[in-house]
Amino acid sequence: MRLLLRPVVARAVALQGDVTAGAAPLGGFTLGSTGRAEQVSTDHSPGHRGGSMFYRAAVEGDVEAEARSGRERELASLYATARSLTALGDVDDVLRSIVRHAHDLIGTDFTYLSLLGDDGVLGITASEGTISADFRSAHIPPGTGLGGTVVESRAAHWVADYAAAGELRHDPGFDSLVGNEGLVALLGVPLLARDRVIGVLFAAERTERHFRTDEIALLSAFADHAAVALDNARLYEQSREALGELQSAYRTIEDQMAIMQRAQSVHDALTAVVLAGGGPATVASELADRLGGAVTLLDRDGALLARGGEEVAAGEASDGALRAIEEARAGGRTVTTVGADGHQHSAATVRAGESVLGTLVWRHRQDPGPVDLRSLELATHVVGLLILKENATAEAAERLSGELLTELIVASPHPTATQEARASTRGIDLRALDAVFTVRADGVATSDVVRRLHAIAREQRGLAGEHRGRATLMAAADDVEATAREVHRRLRAETGAPVVVVGERVRDHDWARAFLLATRCLAVAGHLGATDLGATTSRFSLYALVFDADRAEELDRFLGDAIGPLLEYDARRGTDLVATLAAYFDHDGNLRRTARALHVHLNTLLKRVDRIATVLGRDWRSSDDLQLRLAVRLQALRERLDH
């Protein structure tokens with residue numbers, strides 16, 4: 001068994017042959033009239049020399065003519081099949097046509113074509129003739145079998161008996177398929193496209209066979225044409241796919257442009273509403289008319305600003321709306337959720353930079369389309385500008401309100417005509433402002449509390465602002481206690497934090513005195529442990545001597561009578577007997593707990609207690625100590641207020 005590994009050179013010459021010189025010999029054989037190798041006569045005896053020479057010339061002429069005619073037919077068939085390949089555009093059609101024409105040209109039992117993958121593996125992609133399904137699905141590993149040799153050498157190769165070809169690198173898996181298929185003789189030629197091997201075209205026989213040079217040249221020439229046609233088909237398919245992708249992208253752009261245009265029309269309509277002086281309610285109604293359903297506009301705190309469209313029972317408080325609002329604010333994008341009632345809620349956050357100004361909530365029954373969602377997003381821009389405009393107006397009004405409040409407190413009890421005129425333009429009657437409220441909300445910025453007080457002031461035709469670091473409200477109140485409780489309730493609900501509100505009645509336009517009493521009482525309430533209430537200063541009248549500056553002399557006389565000697569002793573000696581006495585009362589006279597609170601030894605505390613008795617000049621522990629307890633408490637409150 002032998003392996004013939006020889007590249008095909010000058011394929012056209014091999015096909016056409018040397019017409020003038022006759023067929024070239026091949027191992028003692030030449031092409032006969034049947035197209036198969038025949039043995040040429042070699043009889044040179046004298047008796048035959050003359051006649052045989054003429055006979056031989058005649059025979060050689062016939063053979064040459066027959067060979068030339070056969071080659072012309074082969075060339076005509078080759079060029080015809082090449083032209084038919086170039087007319088095809090689909091890759092699969094080209095592959096099927098290649099193996100069909102190759103099968104007709106060579107006339108073997110079957111032909112098949114394997115394309116080279118990126119991993120170097122040859123996989124059968126098309127076949128002609130009787131071939132099993134297992135063989136059609138075969139793959140040849142890189143560098144193995146006849147196909148691997150053809151790929152590596154980039155030239156045609158053949159074997160008369162594949163199984164006995166010891167020079168090949170065999171793959172056991174593929175050899176098993178070859179044996180099952182009954183494949184014996186095999187010819188493979190490379191498919192070269194742009195100087196690159198893209199596959200191998202095989203002609204196979206189920207009997208041992210030696211492939212002739214003209215057959216090899218013919219199949220190689222055909223493979224060259226087939227490779228070009230296959231490469232062109234691939235390029236055409238890639239171009240067609242790219243064109244399809246481009247057309248799809250263009251359609252997507254057209255769809256997006258249509259969405260943008262329709263959404264822009266909604267945006268333009270809302271902008272026209274705002275420019276015409278419309279407020280949040282008008283914008284919500286216009287948007288609801290265009291989208292259908294109901295539209296709700298909430299402020300940054302979730303409070304209702306406006307609502308438009310159909311009446312909704314659950315409104316913005318439904319479970320679907322709340323989830324949509326929460327997710328929209330967290331993700332910064334439009335979110336649609338479905339509530340328990342089956343309604344859908346689409347929420348879009350109204351933003352200005354990183355600041356959240358509010359939320360648009362659209363309640364509807366059908367799945368929202370791209371135009372609807374884009375319209376909702378564009379609407380947030382219009383609403384954002386509207387809120388910013390109203391916020392700017394409100395901030396200017398609040399600033400003026402705060403300035404006027406401070407001026408009235410400083411100038412009281414005699415407001416100027418200018419101040420009265422400024423208040424009048426805001427619809428405020430200064431003479432009706434007969435109550436002052438001061439507020440402390442732990443964990444909440446004073447500016448935030450003041451902003452909420454402004455909303456209350458607008459409702460009650462009052463003034464709000466920050467004076468001396470304290471959130472303050474001036475309002476008309478028939479019942480100061482009830483108003484203090486209502487202000488506390490609203491601030492508590494809006495901030496979610498403990499709030500203390502203290503109110504004081506204004507007499508003779510003396511807003512300064514009312515502010516001072518309310519502020520100092522607020523501090524006293526805090527020192528006494530009050531953290532969440534709304535009340536007036538009268539609730540703390542027992543401590544009025546401390547927070548009422550006009551009663552300072554009364555407080556001095558009371559403290560002098562009760563603990564004056566201790567105050568003088570501490571001032572003279574640098575001791576702190578008053579604080580020791582306060583701790584003793586705070587712990588109900590328990591010496592051990594008092595010593596621990598003061599961080600002193602029990603013996604030290606006993607010495608201090610004896611010293612207190614000596615200074616006061618009486619056994620204060622056995623007498624009625626109510627006056628003493630009250631004096632110590634008032635002194636402690638006074639010191640805290642002074643600091």
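A salt bridge is a side-chain nitrogen of Lys or Arg within 4 Å of a carboxyl oxygen of Asp or Glu. In this predicted model, the structure holds 22 salt bridges, and one of them joins the side chains of E407 and R422, with N to O at 2.8 Å. Because E407 lies in helix α10 (residues 370–411) and R422 in helix α11 (residues 417–425), the pair ties together parts that are 15 residues apart in sequence.

**Salt bridges**

- E407 is partly exposed at 29% relative accessibility, and R422 is likewise partly exposed, with a relative accessible area of 28%.
- E420 forms a salt bridge with R431, whose closest N and O atoms are 3.7 Å apart, and this pair links E420 in helix α11 to R431 in the loop between α11 and β15 (435–441), 11 residues apart.
- D434 and R505 form a salt bridge in which the closest N and O atoms are 2.9 Å apart; D434 lies in the loop between α11 and β15 and R505 in strand β18 (residues 499–505), so the pair ties together parts that are 71 residues apart in sequence.
- Salt bridges that share partners join D448, R451, R452, E459, R490 and E494 into one network.

**Surroundings of T111**

- T111, found in strand β4 (residues 110–116), counts as buried at 1% relative accessibility.
- The side chain of T111 reaches the backbone oxygen of V99 at 3.0 Å, and the residues that T111 touches include A102, H103 and F202.

**Hairpin of β10 and β11**

- Strand β10 (residues 294–299) pairs with strand β11 (residues 304–309) in the antiparallel sense over five bridges, and A294 has G309 as its bridge partner in β11.
- Four residues stand between the strands of this hairpin, in which G302 takes a positive phi near 90°.

Technical notes:
Residues numbered from 1 in each chain as written. Predicted model: local features only at pLDDT ≥ 70, side-chain atom pairs only at ≥ 80, totals over all residues. Heavy atoms only, no water. Helix = DSSP H or I, 4+ residues; strand = E, 2+ residues; numbered from the N terminus. Buried < 20%, exposed > 50% of the residue type's maximum accessible area, 1.4 Å probe, protein only. Polar contact = N/O pair within 3.5 Å; in protein donor to acceptor, adjacent residues only side chain to side chain. Contact = heavy atoms within 4.5 Å. Pairing = 2+ DSSP bridges. Lists of a residue's contacts leave out its neighbours within four places in sequence.
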